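This briefing concerns the structure shown below. Please keep the sequence and the model in view while reading.

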Amino acid sequence: MGLSFPKKEKLKSKKLIDQLFVDGKSVSNYPIKLLYLKTELPFDVPIQTGVTVPKKNFKSAVKRNRIKRLMRESYRLNKALVFNNSKGSFAFLFLYLGKEMPDYPLVEKNLTAALHKFKKKINDE
């Protein structure tokens, strides 16, 4: 598995995103929250991932897009933590809950901690 983030791995289905908010479980490591749901995915990938930043906290689209880029890059580099260790297929949605502009080391630290919590929670079930 390479360090890419191809289109097949991106969560784009409106139905699946709505289902994540209704039925999904979550793990949180402030300021990042991970919503996940075990589901059947249309492609043969184990995980589809999306990222979101609320407009309520960041009015500027430039700032929201910057945070989303940081989160996607951090996920791309650390997705091997869960890709090789999970059984079944999952839909992920990363939410940024903070109110201040983050830098990359903060995002990476919290996102990897959220992925470790997810892995631990899945292994306990």
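This is a predicted model: local features need pLDDT of at least 70, side-chain atom pairs count only at pLDDT 80 or more; totals for chains, interfaces and linings use all residues.

Residues are numbered from 1 along each chain as its sequence is written, and side-chain values use heavy atoms, with hydrogens and water left out. Helices (H or I, at least four residues) and strands (E, at least two) are DSSP runs numbered from the N terminus.

**Sheet**

- Four strands form an open sheet of mixed pairing in the order S1-S2-S4-S3; two strands pair if DSSP finds at least two bridges between them.
- S1 and S3 are the edge strands, each pairing on one side only.
- From one strand to the next, the twist averages 20 degrees.
- The pairing of S3 with S4 is parallel and extends over 6 bridges; Gln48 has Ala91 in S4 as its bridge partner.

**Helices**

- Helix H1 (residues 14-23) packs on the sheet, touching S1, S2, S3 and S4, and its direction makes about 75 degrees with that of S4.
- Helix H2 lies across S3 and S4 and runs at about 155 degrees to S3.
- Such angles run from 0 to 180 degrees between N-to-C directions, with axes fitted as lines to C-alpha atoms, for helices over the stretch in contact.
- The end C-alpha atoms of H4 are 30 Å apart, in agreement with the 30 Å that its 21 residues should span at 1.5 Å a residue; the expected span is 1.5 Å times one less than the number of residues.
- Buried residues (under 20% relative accessible area, 1.4 Å probe, protein chains only) of H4 include Asn110, Leu111, Leu115 and Phe118.
- The buried residues of H4 pack against S1, S2, H2, H3 and S4.

**Nonpolar cores**

- A nonpolar core is a set of buried Ala, Val, Leu, Ile, Met, Phe, Trp, Tyr and Cys residues joined through side-chain atoms within 4.5 Å.
- In the largest core, of 24 residues, Met71, Tyr75, Phe92, Phe94 and Phe118 touch the most other members; H4 gives the most to this core, with 5 residues.
- Another core, of 10 residues, lies apart and has Leu20, Leu41, Leu93 and Leu95 among its members.
- Beyond four places in sequence, Phe118 is in contact (heavy atoms within 4.5 Å) with Val27, Leu34, Tyr36, Val82, Phe90 and Phe92.

**Ser89**

- Ser89 is located in the loop between H3 and S4 and is buried, at a relative accessible area of 13%.
- A polar atom of the Ser89 side chain lies 2.3 Å from the backbone oxygen of Thr39.

Methods: Buried means under 20% relative accessible area, exposed over 50%, partly exposed in between (1.4 Å probe, protein chains only). A polar contact is a pair of N or O atoms within 3.5 Å; within protein, one must be able to donate a hydrogen and the other to accept it, and residues adjacent in sequence count only if both atoms are side-chain atoms.
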